[in-house]
Amino acid sequence: AGVRSRDHVHAVWIYAHHNCMGLILSLFRLIYNYTTAPFLPPTAILSTASSPTTDMLHRGKETPSPPVHIRPWVAVEDRHVRVKDKEDQTGDILHSTFRVMQYNVLAPSYRRPTSKKHCPKHAMAWGYRGENIMAEIRHFNPTFLCLQEVEGYDGSPASQFYGNNTDEFFRKHLSLHGYEGCYYPRGPGEIDGCSLYWKSSRARVVRPPHAMQYANIIPRPSCPPGRRDDPRRYMEHGVIVFTVLEVNNTKDNDYPLQKTYHTSPSPQSTLLCLVTTHLYWDPSKSDLKIMQCRALMQSITHYLIKEFPEFEHNPDLISVIIAGDFNSKPKSGAFKLLREGSIPGDHHEMRGYVHEEDISIPEQFSGYKLKSAYAPVGHPFTNYTNTFKGCLDYIWYTPYSLAQIGLVDIPLHFRRYDSLPSLEWPGNRVYT
């Protein structure tokens, strides 16, 4: 009887232990799904109304939406091109204007711990950040929108595991505000990629969106003397997404708080090639970023010449805007290549992996034929963490057909935070 009693007590203890572990695992799954769910309604996170879930996670505290920041507008006089309306004799009336917004939104699966003081756990959840990113987009109302680190669902094990379909989130919300767009993953099996969006009332698709993977178009690197051969050094995933649009000759004057450009009055320059990309992140692979920049410009040039043969000898035919996360500083070799058109083959950032006299981009874009939109203000930071603060994101445009009249300044009060994202800044970078 004593043995049976002990066995019974032991069996009861095991049963209770297993039930307790099951309860703990269920609670963990609930919290994990809550903090990573991409499509929680705004009221579940931003509302002040009480509910069992919000009370459990936030202990009854209200979590209101942070304010949309009114960032100062900086006027810029672009002396490269003076654009006048054909019917205007004074030159004061602009032919067409539009706004471009560049934003790395931070894929939910890549979120990392930041300062607990400035970024509570609930503010890292996509349900919170996604709604506030959309509030910023609605507020600034860009004509063209370029996004990086957008997560899609392609049936791969990674996307099945994380399950954060932010691509669907943006498609759903932006379509309600008159946007059309596309998404392409960064590479096979990758959980994130890049998206392009444009206002259908302002632009018509002339050539459908197209994407190229860097790993498929960059040649194998040479092996520097004394180093082990690394044939996969340039096989890192990255994507170029672009489309050709015809821009309506109207003005975006309702809220001039984004970078604004003018198209030439020539009927040819109503065509716009809109491009976004995301270069590899690792600072130790600066040579790869340079090769990605060259592949970027070669791919765009070859495509435009194929689709519009006149572009080869008349690059003014199509205006080009390239916005993305280049993971490169303003003094880097990648930046210099895009700005000046070429760099020496023995540039120190190439690390001996390419044996060429010069590394250059096609002549249609070389020789200062690309300009960075934030050059007038010295490229302040777009990335802000406890270990690095600097500019890594850019909007490049062709100054022979586009003239910049302004940009959104980087706010000084942002400096009180030690890292992005934060409670008030939901993205991975400062949007430009």
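Me: Is Gln-292 buried or exposed?
Reply: This is a predicted model. Residues under 20% relative accessible area count as buried. Gln-292 has 0% relative accessibility, so its class is buried.

Me: Which helix holds Gln-292, and which residues does Gln-292 touch, not counting residues up to four places away in sequence?
Reply: Gln-292 lies in helix 9, residues 286–307. Leaving out residues up to four places away in sequence, Gln-292 touches Tyr-214, Ile-218, Glu-236, Leu-279 and Tyr-280.

Me: Which helix gives the most to the lining of the largest pocket?
Reply: The largest pocket has a volume of about 770 Å³. Helix 9 and helix 10 each supply at least two residues of its lining. The one that gives the most, with three residues, is helix 9.

Me: How many residues line the largest pocket, and which lie nearest its centre? How many of the lining residues are nonpolar, polar and charged?
Reply: By class, the lining of the largest pocket has eleven nonpolar, 14 polar and ten charged residues. The lining comprises 35 residues, and those nearest the pocket centre are Trp-281, Pro-283, Asn-327, Leu-392 and Arg-429.

Me: How many aromatic pairs are found in the whole structure, and what is the geometry of the pair formed by Phe-169 and Phe-170?
Reply: A search of the whole structure finds twelve aromatic pairs. Phe-169 and Phe-170 have 5.5 Å centre to centre and 80 degrees between the planes. Planes over 60 degrees apart count as edge-to-face, so the pair is edge-to-face.

Me: What are the relative accessibilities of Phe-169 and Phe-170?
Reply: Phe-169 is buried, with a relative accessible area of 2%. Phe-170 also counts as buried, and its value is 0%.

Me: Why is the pair of Phe-326 and Tyr-394 edge-to-face, and how many residues apart are Phe-326 and Tyr-394?
Reply: The ring centres of Phe-326 and Tyr-394 are 6.0 Å apart with planes at 65 degrees, so the pair is edge-to-face. Phe-326 is in the loop between strand 10 (318–325) and helix 10 (333–340), while Tyr-394 is in strand 16 (residues 393–397). The pair links distant parts of the chain, with a separation of 68 residues.

Me: Which ring does the charged end of Lys-389 sit over?
Reply: The charged end of Lys-389 is 4.8 Å from the ring centre in question. That ring belongs to Tyr-384.

Conventions:
Residues are numbered from 1 along each chain as its sequence is written. This is a predicted model: local features need pLDDT of at least 70, side-chain atom pairs count only at pLDDT 80 or more; totals for chains, interfaces and linings use all residues. Side-chain values use heavy atoms; hydrogens and water are left out. Rings of Phe, Tyr and Trp (its six-membered ring) pair if their centres lie within 6.5 Å; planes under 30 degrees apart count as stacked, over 60 as edge-to-face and the rest as tilted. Buried means under 20% relative accessible area, exposed over 50%, partly exposed in between (1.4 Å probe, protein chains only). Helices (H or I, at least four residues) and strands (E, at least two) are DSSP runs, numbered from the N terminus. A charge sits over a ring if NZ of Lys or CZ of Arg is within 6 Å of the ring centre and within 35 degrees of the ring normal. Contact means heavy atoms within 4.5 Å. On a 1 Å grid over the protein atoms alone, a cavity is a set of points where a 1.4 Å probe fits but cannot get out, and a pocket is an open set with protein on both sides within 12 Å along at least five of seven lines; lining residues have an atom within 4 Å of a point. Grid points are joined across faces, edges and corners, and a volume is the space filled by probe spheres set on the points. Ala, Val, Leu, Ile, Met, Phe, Trp, Tyr, Cys and Pro count as nonpolar, Asp, Glu, Lys and Arg as charged, and the others, Gly among them, as polar.
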